[in-house]
Amino acid sequence: MNISDWTLEPRLRRFVLEDYQGPVARWCPSCGNHAILLALQRLCLSAQLAPEKTVVVSGIGCSSRLPHHMNTYGFHSLHGRALPIACGIRARRPDLHIFVITGDGDCCAIGAGHWLNALRLNMKMTVLLLDNGVYGLTKKQTSPTSPKGFHSNTHPSGAPLSALNPLATAISVTNASFVAQCADWIPDHLFATLKRAHVHEGLSFIRIRQRCPHFMGDFWDDYVKDPQKQCLLSDPAGVEIGEEIKKIYPNQLAHDPRNLGAAIELALQNEPLALGLLYLNVGAESYDSYAHRGLICSTQEKLTALNREFDKFSV
Ligand code: SF4
């Protein structure tokens, strides 16, 4: 048996956008999640990913409802547990395209341990952190990325602590290999970021600044209205910036994503918001090479190996 025995026979098929679309999303009108869902569907279309070879794994939260709206395999899992599940899938099914959808509460609070370990394992998958800075599904509690002073149901007088920075945290993890940032209100750049991340040989981590108009009001309005509040990062190895985007967002910066120090500085920068590939570590180790050992074995070979282990205890 080999890996191809696990898959449906590939045929020459041409997919259209509808092939990736599931039931209509029920997020609030104007929620940034709508744009992110469309970007993911556009990526599947552009890469012509077979729906039966694509899996979207999520945790819990508004954003984690996303797999329901994809016509692919999906796993709406437990709070904070999307990443270990995705790593398990990657270990046994390296032939699948794996996308992880996680929110700021899901990833950076209850799932933080899994998040750091998954970054270190660096197994090939595309991880989308849909960061809206609030717990939306449970109706406005302070999340790890809520801005200091944010009035929520858990902190009516304002969040007392500075927000955790997911970019700087991710970049600092040993073996982290791809850390990018984009925003839901620049859909073409969001799509380009997903496209670049999907071809990365390792875990690509993308923080997407996501608007939650229901609980964060006009928090991002200044950024949406003023292109100068965004700075697009450019590099041949980075996210492609289309001509139209270049015209609308003239504030651009040549940034070598292999420069760790510069990546951290950009990660800590609030304004202008650095969008694009901040950090790239091409030579990072990956657990894939270990996890896939023995995957291409015949049933007989597996039985022989199992019996050999059992025989160790024979007297
Ligand atoms: Fe989107 Fe916020 Fe509504 Fe949740 S509460 S669906 S994050 S706008």
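Mentor: Here is a short tour of salt bridges, spaces, surface and backbone. Keep in mind that this is a predicted model.

Trainee: Fine. How many salt bridges does the count come to?

Mentor: The count comes to 13 salt bridges.

Trainee: Give me one. Which residue does Arg 13 meet in a salt bridge?

Mentor: Glu 52. The N to O distance for Arg 13 and Glu 52 is 2.5 Å. Arg 13 sits in the segment before helix 1 (33-47), and Glu 52 sits in the loop between helix 1 and strand 1 (54-58), so the pair ties together parts 39 residues apart in sequence.

Trainee: Is Glu 52 buried or exposed?

Mentor: Glu 52 counts as buried, because its relative accessibility is 18% and the cut-off for buried is under 20%. Arg 13 counts as partly exposed, at 35%.

Trainee: What about Lys 53? Which residue does it form a salt bridge with?

Mentor: Asp 95. The closest N and O atoms of Lys 53 and Asp 95 are 3.4 Å apart. Lys 53 is in the loop between helix 1 and strand 1, and Asp 95 is in the loop between helix 2 and strand 3 (97-103), so this pair ties together parts 42 residues apart in sequence. Asp 95 is buried, with 16% relative accessibility.

Trainee: Which residues are linked in a network with Lys 53?

Mentor: Arg 93 and Asp 95. Together with Lys 53 they are linked in a network of salt bridges.

Trainee: And Asp 288? What does its side chain meet?

Mentor: Arg 90, in a salt bridge of 3.0 Å, N to O. Asp 288 belongs to helix 11 (residues 288-291) and Arg 90 to helix 2, so the pair ties together parts that are 198 residues apart in sequence.

Trainee: Are those two buried or exposed?

Mentor: Asp 288 and Arg 90 are both buried.

Trainee: New topic. How many cavities of 30 Å³ or more does a search of the whole structure find?

Mentor: One. The largest cavity holds about 40 Å³ of space.

Trainee: Which helices supply at least two residues of its lining?

Mentor: Helix 2 (82-92), helix 3 (104-110) and helix 4 (112-121) each do. Residues lining the largest cavity include Arg 81, Leu 83, Asp 106, His 114 and Trp 115.

Trainee: What classes make up that lining?

Mentor: The lining of the largest cavity has four nonpolar, four polar and two charged residues.

Trainee: Now the open spaces. What volume does the largest pocket have?

Mentor: About 400 Å³. It is lined by 21 residues, and the closest to the pocket centre are Thr 145, Ala 163, Arg 207, Arg 209 and Asn 270.

Trainee: How does the lining of the largest pocket split by class?

Mentor: Eleven residues are nonpolar, seven are polar and three are charged.

Trainee: Why does Phe 310 count as exposed?

Mentor: Because its relative accessible area is 53%, and exposed means over 50%.

Trainee: And Gly 261? Where is it found?

Mentor: In helix 10 (residues 260-267). Gly 261 counts as partly exposed, at 41% relative accessibility.

Trainee: Last topic, the backbone. Which residues does a cis peptide bond join?

Mentor: Glu 271 and Pro 272, with omega about -5°. Pro 272 lies in the loop between helix 10 and strand 11 (273-280).

Trainee: What is phi of Gln 48?

Mentor: Near 50°, which is a positive value in a residue other than glycine. Gln 48 is in the loop between helix 1 and strand 1.

Trainee: And what is phi of Asn 122?

Mentor: Near 55°, again positive in a residue other than glycine. Asn 122 lies in the loop between helix 4 and strand 4 (125-131).

Trainee: Is Asn 122 buried or exposed?

Mentor: Asn 122 counts as buried, at 1% relative accessibility.

Methods:
Residues are numbered from 1 along each chain as its sequence is written. This is a predicted model: local features need pLDDT of at least 70, side-chain atom pairs count only at pLDDT 80 or more; totals for chains, interfaces and linings use all residues. Side-chain values use heavy atoms; hydrogens and water are left out. Buried means under 20% relative accessible area, exposed over 50%, partly exposed in between (1.4 Å probe, protein chains only). On a 1 Å grid over the protein atoms alone, a cavity is a set of points where a 1.4 Å probe fits but cannot get out, and a pocket is an open set with protein on both sides within 12 Å along at least five of seven lines; lining residues have an atom within 4 Å of a point. Grid points are joined across faces, edges and corners, and a volume is the space filled by probe spheres set on the points. Helices (H or I, at least four residues) and strands (E, at least two) are DSSP runs, numbered from the N terminus. Ala, Val, Leu, Ile, Met, Phe, Trp, Tyr, Cys and Pro count as nonpolar, Asp, Glu, Lys and Arg as charged, and the others, Gly among them, as polar. A salt bridge is a side-chain nitrogen of Lys or Arg within 4 Å of a carboxyl oxygen of Asp or Glu.
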